[in-house]
Amino acid sequence: MLRRFRLEEPESVSEVSELLGRFGDSAKIYAGGTELLLAMKEGLVQYERLINVKKLKCKDVTLESGQVTIGALCTHHELETSQAIKENLPAFAKLEHNVANVRVRQVGTIGGNLCFAEPHADPGTLLIALDAKMIAEKSASTREISAEKFFIDAFETALEPDEVLTQIVIPAPTASARNAYLKFGYLERPSVGVAVAFNLNGQISSMRIAVGCAGPAPRRVQEAEALFEGKSKDDAERNLAEAGLLAGRAAEAISDLHGSQEYKEHIVGVLLKRAFLSALS
Amino acid sequence: MEFQKEVEIRAPREKVWRFIWDVDRFIACVPGCKEAKTIEEGKRYAATMVEKVGPFKVEFPTNIEVLEREEMTRIKAQASGADNKIGSRMKLDLDVNLRDEGDKTVLGFVAGVDILGKLAALGHGIIKRKADQVLDEFAQAVKKQLEGDS
């Protein structure tokens, strides 16, 4: 059962930040509520105040100066159906289309998903591979946090207690850009997710690989990237097995209901190979 | 969940043994442990354990009972506590042992931890990782305390 709480309805980011600063751990931002309300109903967390941020103007997707900017309050459904996302970041539109179920996608927001940092969430992994930046604002300042540094641990992000995630900025892929995200699981949430992003101009450059769901937080696995950098498509394909092993080991996988550490490491290798080939096709 | 750790301390065994029974100093090395008190010297203690994983916080008022004590060598203890707010319980079986290794002392412990109730919804992997971190921090803090003032 949901306990009583007070609902704050600020209209600006600085008001949200001020409320977070004033009430500290007894208040929490409420966006879509798909994760938060479940945890509250279960009695796992209790807050005296929820700060409803739905009145903030962070709901647009824009393409400007070579980057796609996503408002943190965009729902998963808005992103899976956004023309700008489908045209520029089809892999991200596909990922959003496969997030949870249609009820969650209708109300759950990308910002809420990233800030809750549930270890088995999908978007963070692809955003790391796409070299996205998170825009964090508070009353008097704004800063950029790379997606790679945003996720600290399970349910923990680099946001300061009074900071609000307002936008996600992704460099718009060029004509030579290739990327893909694949996941696998047999429970409600995925056991492993793997994202790849690179440029292909005869040879591979700017290779980025990220693994999520396997461990406490999504992480970039630079250990495997070097096997692709500067290689031709065929040479890179020959390195896939070794890269899969390296990526698996570097994934910091942990054993849980979604699979043992060894199992997840193996799946990382399988998904890396498939994601790379899918990005090429 | 079972954990095993060993920490090598540059201090004589007797000093390490005395430290273990100095409740205030010992408790200061346990991350998240507060309000420790002695109920019955050498046998029963009480403390409150506070731990946090992201927004999930637990506060276990814990009773600690020393079950066996082999002078300068081994302690077997059991601790249990419940967080009624979250509806979760914690049980810890702890086996602490000491041995000489040259001029150092090896402090080893085997801990069996059971978490029951809603907190378990966080998942075995996350809780195990957190418990592992707590034990690592504890081992390092003990080492620092004992080597720092030698």
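This is a predicted model: local features need pLDDT of at least 70, side-chain atom pairs count only at pLDDT 80 or more; totals for chains, interfaces and linings use all residues.
Residues are numbered from 1 along each chain as its sequence is written, while chains are lettered from A and ligands numbered from 1 in the order in which they are written.

Let's start with chain A as a whole. Its domain assignment (the bounds come from an automatic or database assignment) gives domain 1 (6-52), domain 2 (61-171) and domain 3 (177-280). Taken over C-alpha atoms, the centres of domain 1 and domain 3 of chain A are 35 Å apart.

Now for the sheets. Helices (H or I, at least four residues) and strands (E, at least two) are DSSP runs, numbered from the N terminus, and two strands pair if DSSP finds at least two bridges between them. One open sheet in chain A has 5 strands, ordered β4-β5-β10-β6-β7, with antiparallel pairing. Its edge strands are β4 (61-64) and β7 (141-146) of chain A, each pairing on one side only. On average, neighbouring strands here are turned by 25° against each other, direction ignored; axes are lines fitted to C-alpha atoms, for helices over the stretch in contact, and angles run from 0 to 180 degrees between N-to-C directions.

Let's zoom in on both ends of that sheet. A:T62 has A:T69 in β5(A) as its bridge partner. The hairpin of β4(A) and β5(A) has 2 residues between the strands, and A:S65 there takes a positive phi near 45°. A:K138 finds its bridge partner in A:S141 of β7(A). Helix α1 (residues 13-23) of chain A packs on this sheet, touching β6 and β10 (164-171) of chain A, and its direction makes about 125° with that of β10(A). Contact between two residues means that their C-beta atoms, placed from the backbone, lie within 7 Å.

There's another open sheet in chain A, with 4 antiparallel strands in the order β11-β12-β13-β14. β11 (177-184) and β14 (219-220) of chain A stand at the edges with a single partner strand each, so one side of each has no neighbour in the sheet. Strand β13 (residues 203-212) of chain A pairs with β14(A) over 2 bridges, in the antiparallel sense. Here A:A210 has A:R220 in β14(A) as its bridge partner. Lying across β11, β12 (192-201) and β13 of chain A is α13(A), which runs at about 145° to β11(A).

Helix α12 (residues 240-250) and helix α13 (residues 261-280) of chain A pack at an angle of about 135°, with axes 8 Å apart. Residues making this contact include A:L240 and A:L245 of α12(A), and A:L272 and A:F276 of α13(A).

Finally, chain A meets chain B: 13 residues of chain B are in contact with 15 residues of chain A. On the chain B side, the largest share, 4 residues, comes from helix α3 (residues 124-148) of chain B.
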